[in-house]
Amino acid sequence: MRGASAGAAVCWGVTFMASHAGAAELAAPRPAPEQTVGNPVAAVWKETHIDFVYMGRTVRYSCDGLRDKVRALLLDLGARRDLKIAAVGCDADRLHTNSPNTSLSLTFSAPALPNPTAKPLHEGDLAATDARFETFTITSDAFRNLGVGDCELVEEFTQQILSKLVTRDLKHDITCVPYQLSGSRFLVKGEILRPLPPAEQAAGQQKAAGPQRVYPPAKD
């Protein structure tokens, strides 16, 4: 995952930088193609609101750093790019070393299976889309800007946010050792409902519409 602004974090009172490269492109193409699991299915864009509270004891993030990490994870897992994330109770460029619990207010849309009883939150919510289940993995990965220091963040993300997304066969092995990086590890994997790429969606719509008939020009 890529990002643009540097996101600072604090570990045992020592500051280190969690670098991002490209703020407008935080969720870049995945480093390796994920495995396609199922055929395309009819889905909807379901809007979700979450107040995310980071309770980590080992690493503390700047407001920008925490927001960018969570944004990148959501986009990589299939959330729509118009998501909104606001840091609560802190300034964008301040470390807040005396504030252990940084929180985020999240509003995002992600693919969900249609529910006839669900009511849209507003016009445009529950709009139709095409999606399919694909495998995913969250683990230490320099390309995605995730390291052992992000263990507690991944643990909180899995509990508070990933649980709201449509997944199958979810497995996680997370061990975060408080106040030290040594011995910590995290691995979250399974299948998640992701939207089809725009080109594939367009091809499916064209196929559903049937072949286009070409008529010869009219003669004068």
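1. Strands E5 and E6 (residues 102-112) run antiparallel and are joined by five bridges. Within this pair, Lys84 stands opposite Thr107 in E6. Two strands count as paired if DSSP finds at least two bridges between them. Strands (E, at least two residues) and helices (H or I, at least four) are DSSP runs numbered from the N terminus.

2. The model is predicted, with local features needing pLDDT of at least 70 and side-chain atom pairs counting only at pLDDT 80 or more, while totals for chains, interfaces and linings use all residues. Residues are numbered from 1 along each chain as its sequence is written, and side-chain values use heavy atoms, leaving out hydrogens and water.

3. E6 has another partner: eleven bridges join E3 to E6, and these strands also run antiparallel. Phe52 stands opposite Leu104 in E6. E6 is mostly covered, with nine of its eleven residues buried; buried means under 20% relative accessible area, exposed over 50%, and partly exposed in between, with a 1.4 Å probe and protein chains only.

4. Where do these pairs sit in the sheet? The sheet is open and has six strands in the order E5-E6-E3-E7-E9-E8, with antiparallel pairing. Strand E5 (84-88) and strand E8 (167-175) are at the edges with a single partner strand each, so one side of each has no neighbour in the sheet. From one strand to the next, the twist averages 20 degrees.

5. Helix H1 (residues 63-76) lies across strand E3 (41-54), E5, E6, strand E7 (127-139) and strand E9 (185-195), and runs at about 15 degrees to E6. Helix H2 (residues 151-160) also packs on the sheet, where H2 touches E3, E7, E8 and E9, and the direction of H2 makes about 125 degrees with that of E3. The axes are lines fitted to C-alpha atoms, for helices over the stretch in contact, and the angles run from 0 to 180 degrees between N-to-C directions.

6. How many residues of H2 are buried? Eight of the ten are, so that the helix is mostly covered. Among them are Cys151, Leu153, Val154 and Phe157, and also Glu152 and Glu156. The buried residues of H2 pack against E3, strand E4 (59-61), H1, E7, E8 and E9; contact here means heavy atoms within 4.5 Å.

7. On a 1 Å grid over the protein atoms alone, a cavity is a set of points where a 1.4 Å probe fits but cannot get out, a pocket is an open set with protein on both sides within 12 Å along at least five of seven lines, and lining residues have an atom within 4 Å of a point. Grid points are joined across faces, edges and corners, and a volume is the space filled by probe spheres set on them.

8. The second largest pocket holds about 180 Å³ of space. The largest share of its lining, three residues, comes from E3. The lining includes Val44, Lys46, Glu47, Pro114 and Leu126.

9. For the protein as a whole, the count is three helices and nine strands, in the order β-β-β-β-α-β-β-β-α-β-β-α from the N terminus. Of the 220 residues, 43% count as buried.
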